[in-house]
Structure formats: C-alpha cells, structure tokens
Amino acid sequence: MPTSLTIDELRQQHGEISARRQFLFARFQTVLRLLSETGQLRRLYLFGSFTTAKLVPGDLDCLAVMVAGFTTVNLTSPHLEVFQHDTCRLLYQIDVFWVTESIAQEQIDTMLDVFSRNREGTLQPIIEVTL
Amino acid sequence: MITNDEQLHQAQKDIQTMWRFLEAARETHSPLDYQRLAVPYLLQLQERHQEVVEYLSRQPALLGASLA
C-alpha cells in the first residue's frame, strides 16, 4: 500500500539529506511540473532507492498514471521528453514509467507490487505524491 | 543478482507480471504511445531475464563456491 506524501513532505523526508538527493529532487520537481502541465496526470508513484534511507541514490524511479485517452502524439518539447525514457533519463536522471488508465487497475497494482521490492526481494516503500 | 531459489521464483513471477502488463498496454494504447511507454518496462524485463539466465547457468555447487 503506497504512502501518500505532499511534495513538501517528500522534500523534507527524502530530498534534503544529501547533495545527491537535493539534485534528484530538483530534477523531479521539473518532471512533475511537466507531467502536470499536460493536464492529464492522474496519479504519480515513486519507488526504488530514492524512497529508501540510502544516502546517495543512483537515480529516481516513478510511475505516472495518465488519464484514459491521453496520448503523446501532439506533445512537443519539453513535455514530450518526459514520456521518452532515454531522453528523460539523460536530461533529468529520472526513470519515468508511464501508462494510462485505459489499462486495468489490477495491472497497475501488480506492477506496483513488482516495484515494491528490490533485486534481493527486500521491500521498498512506494510513495504516492499527492497532486 | 539472484543468489537463491526463492529469489529465482520471485524473479520469474515479476517477469510474468511485466509480460502481462506489456501485453495489456499493447492492446490499450496507440502504436506510438506503446512504443514510447514500453521502453523502461522492456529494459526491466530484460534485466530480470538476464539475472534468471545467469543464475540458471550455474549449478548449485558452483553457486555456493562463487558466493563463499
């Protein structure tokens, strides 16, 4: 079950303790703004090492759930770039997984279950950012 | 890295979850959107599959020796 945090709570709990976290959080704020500006962002989850106590996370992983019917066809830079994995990773060092609500909620829930464990099977927190 | 059978079984389960997720996404998104959204899931799938292959390529005795 994801923990819900506002963006301010996220910064306080995960975005301040190290220079690396401050860097990633700043990039995340940009990505969140671009996702939100589409007007089609329904939910946003964070997972991976950024949500743990690791002092220096390698990157930041998130899953953006867009409204059903959302399409990237008419998007242009910089909004399009957050939906293009390689470009987004290069620009922001953030892995954006995304999908629309046209897929069954059960499928999203099972993916979140996958994302809730690291390679060794240890549970990692999933954070839903309050939009 | 997978170091025991329990992790192997979890990896296999995760692979199946990702495989089903992509199958559903392919049916519910346009070809262009699917092409864009699938990339990170496919990379995860590939990484997990590679871990399974590496684990299954070693015999239990060799695994124990390499971890010692």
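A salt bridge is counted here where a side-chain nitrogen of Lys or Arg lies within 4 Å of a carboxyl oxygen of Asp or Glu. The model is predicted, so local features need pLDDT of at least 70 and side-chain atom pairs count only at pLDDT 80 or more, while totals for chains, interfaces and linings use all residues. Residues are numbered from 1 along each chain as its sequence is written, chains are lettered from A and ligands numbered from 1 in the order in which they are written, and side-chain values use heavy atoms, with hydrogens and water left out.

By this rule, ten salt bridges were found over all chains. One of them joins A:E37 to A:R33, with the closest N and O atoms 3.2 Å apart. Both residues lie in helix α2 of chain A (residues 19-37), four residues apart, or about one turn of the helix. Helices (H or I, at least four residues) and strands (E, at least two) are DSSP runs, numbered from the N terminus. A:E37 is partly exposed at 45%. A:R33 is also partly exposed, at 42%.

A second pair is A:D59 with A:R89, where the closest N and O atoms are 3.1 Å apart. This pair links distant parts of the chain. A:D59 sits in the loop between β2 (41-47) and β3 (60-66) of chain A, and A:R89 sits in helix α3 of chain A, 30 residues apart. The two partners fall in separate accessibility classes: A:D59 is buried at 16%, whereas A:R89 is partly exposed at 34%.

The interface between the chains was examined next. In total, 26 residues of chain A are in contact (heavy atoms within 4.5 Å) with 25 residues of chain B. The buried area is about 2,200 Å², and carbon and sulfur atoms give 58% of it. Buried area is the accessible area (1.4 Å probe) that two parts lose on being put together, summed over both. In chain A, the residues losing the most area to chain B are A:W98, A:M111 and A:R119, which together give 30% of what that side buries.

Eight residue pairs are in polar contact between chain A and chain B, both residues being at pLDDT 80 or more. A polar contact is a pair of N or O atoms within 3.5 Å; within protein, one must be able to donate a hydrogen and the other to accept it, and residues adjacent in sequence count only if both atoms are side-chain atoms. On the side of chain A that touches chain B, two or more residues each come from α3 (85-92), β4 (94-100) and α4 (105-115). Helix α4(A) gives the largest share, six residues. By class, this side has 14 nonpolar, eight polar and four charged residues. Ala, Val, Leu, Ile, Met, Phe, Trp, Tyr, Cys and Pro count as nonpolar, Asp, Glu, Lys and Arg as charged, and the others, Gly among them, as polar.

One salt bridge crosses the interface of chain A and chain B. The side chains of B:D14 and A:R117 meet in a salt bridge at 3.2 Å, N to O. A:R117 also meets A:D113, at 2.9 Å. A:R117 is buried at 14%, whereas A:D113 is partly exposed at 37%. A network of salt bridges links A:D113, A:R117, B:D14, B:R48 and B:E51.

The largest nonpolar core has 58 residues. Such a core is a set of buried Ala, Val, Leu, Ile, Met, Phe, Trp, Tyr and Cys residues joined through side-chain atoms within 4.5 Å. Those with the most contacts inside it are A:L10, A:F28, A:L46, A:L63 and B:Y41. Helix α1 of chain B (residues 5-28) gives the most to this core, eight residues. Leaving aside neighbours within four places in sequence, B:Y41 touches residues of chain A including A:L63, A:W98 and A:M111, and B:M18, B:F21 and B:L22 of chain B.

Two further buried residues were examined. A:R43 lies in strand β2 of chain A and is buried at 16%. The side chain of A:R43 makes a polar contact with that of A:E101 at 3.2 Å. B:A11 lies in helix α1 of chain B and is buried at 0%. Beyond neighbours within four places in sequence, B:A11 is in contact with B:I2, B:R48 and B:V52.

Note on methods. Buried < 20%, exposed > 50% of the residue type's maximum accessible area, 1.4 Å probe, protein only.
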